[in-house]
Amino acid sequence: MQREKGGKVVVVGAGASGLVCASILREKGVDVEIVEAQDYVGGRVKSLRGFVEWKALDLGAEFVHGDGTPLKDIIDKQGWPCRLLFTWAQGDGETPALPVQGGISAYWLGREKKLLRYDTDHPEIRKANETVWNMGAQHPSDSDKRTLEQYLIDEGVSEQGRDLADAGYANTVCSASDRLSFAELTKIERVWDLNGDGDFRLDGGLAQVPEYLARGLRIRTSWPVKRIAHGRGPITLVSEAGQQLEASRVVVTVPLPVLKAGRIEFDPPLPQEKIKATQALAMDGAIKVVMKFSRRFWPDEFHGVICSHSFLPELWFDGPQRVGALTPWSKPPRPAPTNNASLPLGKAAGVTKITTTVTIDNASGAASTATSYAVEPAPTYIVSGFATSRNADRVGKLSRQEIIYFMLQQLDEMFANGAADRLVDESQPEQPLAGPTPDPARPATSAFLDCLVYDWGKNPYVGGGYSSANSGSSQQVREDLARPIDGRVFFAGEATNPTNFMTMHGAMETGETAAKLVLQSMGIAESDAPRSRL
């Protein structure tokens with residue numbers, strides 16, 4: 001077998017952390033190569049183009065949390081169209097003082113079949129929000145072993161309020177209220193404040209970022225690592241297909257479940273503290289369900305719903321005109337297709353150009369006319385459902401047809417018989433829907449076109465959504481997971497971030513940290529490393 005040799009650094013994984021690490025090393029002049037198990041770069045950042053004509057769907061990471069992160073810096077420098085969203089759930093970040101461009105969101109109380117605006121004065125909802133919001137001001141001791149659920153009970157939050165906190169907050173942080181460590185959550189809330197304000201979404205999909213970071217890097221895709229021999233001499237990496245690479249150092253950035261399951265054999269074995277760290281930390285499943293509709297049956301600038309006692313706990317909405325306010329640094333986006341219902345071809349077609357040709361017969365002088373229409377596909381609209389932890393486990397057991405049935409049933413119940421109109425603020429001009437609803441009792445079912453389901457828990461090279469602050473998690477445990485072995489084997493990835501795990505920018509931070517440690521081990525001064533792309 002031909003063996004590739006060289007005193008280089010091999011980065012295992014082409015997710016955000018691996019790409020940042022390799023970019024910094026390459027800019028310093030280090031011989032670096034990335035091996036990636038999957039057939040694309042980005043890891044848990046994966047965009048799909050073509051499902052709708054106006055948007056790249058983010059199947060994994062979708063939101064940019066905070067305007068003070070390295071991720072947001074890249075987006076602003078590139079001028080990619082990026083929109084500030086109106087978020088109302090504490091788990092989705094800080095709610096702006098005022099709705100963004102009139103944006104609204106809602107709560108769906110599944111048992112009562114009630115759809116309430118985000119600014120409802122419902123006392124139990126307000127109590128739950130205030131209690132979760134105040135977690136950052138709490139400073140429990142490390143000996144406080146309460147779960148989020150127990151903290152909410154102790155603070156007098158009702159069962160209804162706790163159900164919404166589980167659907168909105170716990171689901172967002174990829175866990176469940178009775179699994180999350182209250183003490184760890186208080187630390188996370190304080191870190192969120194340091195990340196800046198706002199939550200954002202890219203028009204062109206978040207995969208633009210890893211695609212940008214990957215430029216100029218040597219990357220082998222479809223190269224899953226099976227074994228890393230890091231004893232004396234060069235480090236040898238062996239792929240599942242038996243291919244081999246040698247390196248002087250290796251940076252392992254694979255998701256936590258890959259390490260927990262022992263999919264990569266380390267020789268010699270990992271230290272006990274690292275094995276214990278992988279077992280102490282948790283990364284539950286995550287599923288996205290995206291439905292496409294022929295018309296909008298929700299209000300204009302409607303951003304999302306938190307749903308208690310429902311099939312899917314979180315729903316996000318979008319359409320060709322896009323929700324959210326375009327940030328000042330964004331380049332002008334391409335015009336979205338419009339629904340020209342008054343033109344001859346009817347509302348089902350977007351007619352963009354009408355051409356009439358007049359022909360005169362030279363002999364008879366008779367004139368004839370012909371009209372042609374330039375037609376683009378009718379605009380479509382999407383609703384994205386997001387489920388993690390136990391919710392993802394439950395949804396993941398169903399067939400695609402069952403998922404379609406239950407999600408449509410949930411949407412029909414929520415928006416039946418003009419419920420969307422009742423959400424619009426009466427003090428504002430009425431926001432008409434995108435067209436008449438043939439079946440008011442089943443607005444979603446009657447407009448349904450297609451559905452896409454992506455289950456990250458079933459991806460063998462990922463195994464879930466992102467690591468959480470479950471009981472057993474701590475800053476020390478994550479530091480143990482990140483600690484290098486013998487100055488030759490390094491670790492990165494969002495799960496190794498002591499405070500900023502769960503996010504893409506947190507993963508990027510760990511890639512930068514790992515790169516600094518590699519440079520130090522090589523005796524290369526960090527200050528000499530250019531940072532032009534980051």
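This is a predicted model: local features need pLDDT of at least 70, side-chain atom pairs count only at pLDDT 80 or more; totals for chains, interfaces and linings use all residues.

Student: Is Q401 buried or exposed, and what is its relative accessible area?

Tutor: A residue counts as exposed when its relative accessible area is over 50%. Q401 passes that cut-off and is therefore exposed, the value being 53%.

Student: Which helix holds Q401, and how far is its C-alpha atom from that of C451?

Tutor: Q401 belongs to helix 11, which covers residues 400–415. Along the chain, Q401 and C451 are 50 residues apart. The separation of their C-alpha atoms is 9.3 Å.

Student: Turning to the whole chain, what percentage of its residues is buried?

Tutor: The chain has 14 helices and 24 strands. Among contacts with a separation of 6 or more, 73% join residues 24 or more positions apart. The exposed surface comes to about 22,500 Å², with carbon and sulfur atoms supplying 50% of it. Of the 534 residues, the buried part is 56%.

Student: Which strands stand at the edges of the open sheet?

Tutor: The open sheet consists of five strands with parallel pairing, in the order 10-2-1-14-24. A strand with a single partner has one side left without a neighbour in the sheet, so the edges are strand 10 (219–220) and strand 24 (489–491).

Student: What angle does the direction of helix 1 make with that of strand 2?

Tutor: Helix 1 (residues 16–27) packs on the sheet and touches strand 1, strand 2, strand 10 and strand 14 (249–252). Its direction and that of strand 2 make an angle of about 165°.

Student: Why is helix 5 described as largely enclosed, and how many of its residues are buried?

Tutor: Buried residues of helix 5 include Q160, L164, Y169 and N171. Just after the helix, C174 takes a positive phi of about 65°. Helix 5 is largely enclosed by the rest of the structure because, of its 14 residues, the number buried is ten.

Note on methods: Residues are numbered from 1 along each chain as its sequence is written. Side-chain values use heavy atoms; hydrogens and water are left out. Two strands pair if DSSP finds at least two bridges between them. Helices (H or I, at least four residues) and strands (E, at least two) are DSSP runs, numbered from the N terminus. Contact means heavy atoms within 4.5 Å. Axes are lines fitted to C-alpha atoms, for helices over the stretch in contact, and angles run from 0 to 180 degrees between N-to-C directions. Buried means under 20% relative accessible area, exposed over 50%, partly exposed in between (1.4 Å probe, protein chains only). Accessible areas come from the Shrake-Rupley method with a 1.4 Å probe; for residues, only the protein chains shown count as cover.
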